[in-house]
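This report goes through selected features of one protein chain. Please keep the sequence and the 3D view at hand while reading.

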Amino acid sequence: MRGGIYMLLRTKKKAGIAAGILAVLVFISAVFWLCFKAERIDVEQIRSISLRLPDDVEILLSDDEAEQVKDSLEKVELKGIATDLFKDMTGTYMQYRLYFHDGTEMYFGEVWPYYVVDGERGYGFADEEICGNLRELYIELLEKYYVPYNER
């Protein structure tokens, strides 16, 4: 009988260890999934886009200009857990204001290696080529629309 109790305790101990290891693996998988899942901007739901210029001036883009921005935005993947580390970087960053059909709005910008949402949440792992395309288009539109304060 004594040997039976010892075997039962050993079996319970092994089961407990196995359950603990399984719980840790599930936890690690969940963290990994949260860190590397990718969300996309629903480009089909964008009604219009404006360009946020210095001095908090916004210019509503034409349909053709908005389509150019949408072409790049549909390639954007927001990965990982949102951070505010981008705020420690110097300088300003380009921003577009996205207006959706359901009445919601979102500021979207980039300061590589982050995509920035609403000026508050930065998502790392930004694609350098997509960021470059968005930045080049922003600069092109900025040159077209922005009049410095001292030239107004």
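## Lys79 and its partner

Lys79 has a relative accessibility of 26%, so it counts as partly exposed. The model is a predicted one. A salt bridge joins the side chain of Lys79 to that of Glu77, with N and O 3.4 Å apart. Glu77 has a relative accessible area of 25% and is therefore partly exposed.

Side chains of opposite charge can pair when their charged atoms come close. For a salt bridge, the nitrogen of Lys or Arg must lie within 4 Å of the carboxyl oxygen of Asp or Glu. By this rule the count comes to 8 salt bridges.

Strand β5 covers residues 94–100. Of its 7 residues, 6 are buried, so the strand is mostly covered, buried meaning under 20% relative accessible area.

Strand β5 pairs with strand β2, residues 46–53, in the antiparallel sense over 6 bridges. In this pairing, Ser48 stands opposite Tyr99 of β5. Strands β5 and β6 also run antiparallel, and 6 bridges join them. Here Arg97 stands opposite Tyr107, a residue of β6. The hairpin of β5 and β6 has 4 residues between the strands, and Gly103 in this hairpin takes a positive phi near 95 degrees.

Arg97 also takes part in a salt bridge: its partner is Glu105, and the closest N and O atoms are 2.5 Å apart. Glu105 is partly exposed, with a relative accessible area of 42%.

## Glu110, a buried charged residue

Where is Glu110 placed? Glu110 belongs to strand β6, which spans residues 105–111. Is Glu110 buried or exposed? Its relative accessibility is 3%, and because buried means under 20%, Glu110 counts as buried.

What does the side chain of Glu110 reach? One atom reached is the backbone nitrogen of Trp112, at 3.1 Å. The side chains of Glu110 and Arg135 are joined by a polar contact of 2.8 Å. This pair also forms a salt bridge, with the closest N and O atoms 2.8 Å apart. Arg135, at 33% relative accessibility, counts as partly exposed, whereas Glu110, at 3%, counts as buried.

Leaving out residues up to four places away in sequence, Glu110 touches Tyr93, Met94, Tyr115, Val116, Cys131 and Arg135.

The peptide bond from Trp112 to Pro113 is cis, with omega near 15 degrees. Pro113 sits in the loop between β6 and β7, the latter being residues 114–117.

Asp118 is found in the loop between β7 and β8, where β8 is residues 121–123. Asp118 is not a glycine, yet it has a positive phi of about 55 degrees. With a relative accessible area of 33%, Asp118 is partly exposed.

Note on methods. Residues are numbered from 1 along each chain as its sequence is written. This is a predicted model: local features need pLDDT of at least 70, side-chain atom pairs count only at pLDDT 80 or more; totals for chains, interfaces and linings use all residues. Side-chain values use heavy atoms; hydrogens and water are left out. Helices (H or I, at least four residues) and strands (E, at least two) are DSSP runs, numbered from the N terminus. Buried means under 20% relative accessible area, exposed over 50%, partly exposed in between (1.4 Å probe, protein chains only). A polar contact is a pair of N or O atoms within 3.5 Å; within protein, one must be able to donate a hydrogen and the other to accept it, and residues adjacent in sequence count only if both atoms are side-chain atoms. Contact means heavy atoms within 4.5 Å. Two strands pair if DSSP finds at least two bridges between them.
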